[in-house]
Amino acid sequence: MNRTTKDYVKNYLFVVPAVLMFIVFSAYPFYKIIELSLVRWDGISPVMQFIGLDNFTHIFTSNPTWWLSVRNALYVTALALVFQNGLALFLAYIVDKDIKGKNFYRTIFFLPPILSGIAVGIIWNWILQGDYGLLNQLLIRLNLSGLARSWMSNPRTALTSIAVIHMWQGLGWGFLILLAGLQSIPRDIYEAARIDGACEFKVFTKITAPLMIPTFFIVSILTILGTMRIYDIIVATTGGGPGYHTEVPISRIIATMLGSSRFGYASAMGVVFGLMLLVISIIQIKMSKKMERT
Amino acid sequence: MKNLVIAIILAILVSGCAREEVDYVSVWHWMTDRADAFDELAIQYRDKTGVEVRFELYAPSPSYSERIRAAAQTDNLPDIFGVLGEKRDLASFINAGHVANLSGYMEKPDSTGLSWRDTLFPAALEINKFREVNVYEVKEGIYGAPIDIMNIPMLYNKRLFERAGLDPERPPLTWDEFIEYGQKLKQAGINVFSSGFGETWLIESLAYNYAFNIMGEEKVLDTFRGDVPYSDIGWVHTFTIFEDMKKHNLITEDSVTMINRLAEQQFATERVAFSFNGSWCVNVYRGMNPDLEYSTMLPPKYSDEHNMVIWGGAGSSFLVNARAARKDEAVEFLRWLTADEQQAFLSEETRNLPSNKDSLDLIEEEILIDFSQRMQHITHPNVWPVTEEHDIREAMNRGIQQILIGERTPEELANRLERLKN
């Protein structure tokens, strides 16, 4: 082996651990889930029955609950994209200014994301409960008892309540990333614009927003991927009810897998869901690139 | 160099796949409330026999289930474990060769002439038993040792009864009486009924109690077999129970989506007069409110045609790994664990009903005796010769939630289930 080949092999050896990790933890499970989606299997039996695309056919033609759960997840995602990220941007913009105690605010806003979804769900159960919930008690004290209700058992408010809880928990991530993005914009650009007489609104629309497009893109991708996979908050609050009003794709996959022991069908759901997220991400990447160019 | 790298990678892969040999009996469980008591019993067993037993806790139960399934796939199950879920899941583990048939051990008499089976409640064994002909095609036998028994009756708060002018020793016996009691409680400003209906298995349990009461066991099972339609008036009456609850404002609105732990908190803190919960609640309520004065009752009868039954039987069961190197030691430990003294200890520490018949006489706590008396009214899907498909049951449970929020009528739900069934 000559010196060049030796170096070549040595360099590749450095990559081997990462490649092995990728194969074991990403590529193989990906291959396996596609393989499982084509069989009928209870998750335990050594025998798997190959059924081709039957699972996919059933999902697309005879499973309205699955599509309802996708619609629910999209609704929560839409709310999170607009309100969670809007509020995160507003708060990051304020904290980016030289206000007093900005490190304190940074810590406070980042507390909810580090709590587990189950803990967050239990906290919000106390807030949104019908009879003794804090929110209803507050409404009654404000003479707004007409607005008081059982927020998570009412079909009109259950999913939006879940969205609010999710946004409360996810706000911190968006806040931190957007704040980092704002702080990476050179201050002298702002100073030059102000010297030229630009007002705060113009500074934001002509300088901040265009320079923040890559950050907006990252935040929105993370919001979509994180929100579409919402599950633990639902387990700790509504369990998917009332009826099917707060069912989401992950809860359907888990119910199919553990509830009815149809691992093959649950895998097919996983593949369909994964492809949906992939398509959404590709569309968003393309849109973001287009926006950057213009 | 190249050979060395290949050797290292192979060594890592081979060692990763190798089964770990241990010199103790390993037990995996999910019962957080019993962890300390199990550890204490393991010490006692080691001192008595010299055999070390290690309990490993994996909670919450969904994580435990995933771990057990993963271990089954890689043939790394511990010597003793439990399967959570339905009888179908247990059957899958048995058919895959993971669970030892304990029938031979159960029949073998000890020095006093009593067999292991003789010492345990038949109802508790029934859940782990497969008969000669069964839908799961499992070989006849007893595949698990119950470590406790349970039942799921209705509960009522005696103090709140008194406050509403009701006799605390005389709970409602009929559905009409229940509605009447409910009105009196409401007049006294007391919430009537709450349960963790967000965990839909509680809805399912109560619905089947009433289905058995209204139609009788055979007709319910015939529905599962497809011989009786869900549109039958008996099923409509069963679902009407829940419509009545909504119409008469007997159930707290939150109950529809409430997790059981919160429902337990409502009952324990005396915010509601009736609840529907299992015998495991004794320990939970004691932790939340040691002064709670409550008693059990059968759900009030809707019909006089058939008896009211409640779900019950084995609470938790342990299975022995059929491929375990220490299979006999594992069985011996389970036999010791289910003996009267150990069962009495577990019952005292965790306030669960013991699976050993003789231990029941040692119970002193009034509420546990109360629960134990309900054992004569029990049934359970795991002992029925036929069960309903998961999708239909899920549709029923969700449909009942929809009835409770006024989105569906009992007739609509019955017709929907019939369509799904076909």
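Visitor: How many residues of domain 1 of chain B are in contact with residues of domain 2 of chain B?
Guide: This is a predicted model, in which local features need pLDDT of at least 70 and side-chain atom pairs count only at pLDDT 80 or more, while totals for chains, interfaces and linings use all residues. Residues are numbered from 1 along each chain as its sequence is written, and chains are lettered from A and ligands numbered from 1 in the order in which they are written. Two residues are in contact if their C-beta atoms, placed from the backbone, lie within 7 Å. With that cut-off, 8 residues of domain 2 of chain B are touched, and the number from domain 1 of chain B is 10.

Visitor: Where do the bounds of domain 2 of chain B lie?
Guide: Domain bounds come from an automatic or database domain assignment. Domain 1 of chain B takes 23-148 + 315-370, and domain 2 of chain B takes 151-312 + 389-421.

Visitor: How far apart do the C-alpha centres of domain 1 of chain B and domain 2 of chain B lie?
Guide: The distance is taken between the C-alpha centres of the two domains of chain B. Its value is 31 Å.

Visitor: How many helices and strands does chain B have?
Guide: Both kinds of element are counted along chain B. The totals are 14 strands and 20 helices.

Visitor: What is the radius of gyration of chain B?
Guide: The radius is taken over C-alpha atoms, and the globule rule is 2.2 Å times the number of residues to the power 0.38. For 422 residues this rule gives 22 Å, and the radius of chain B is close to that, so chain B is as compact as a globular protein of that length, at 24 Å.

Notes. Helix = DSSP H or I, 4+ residues; strand = E, 2+ residues; numbered from the N terminus.
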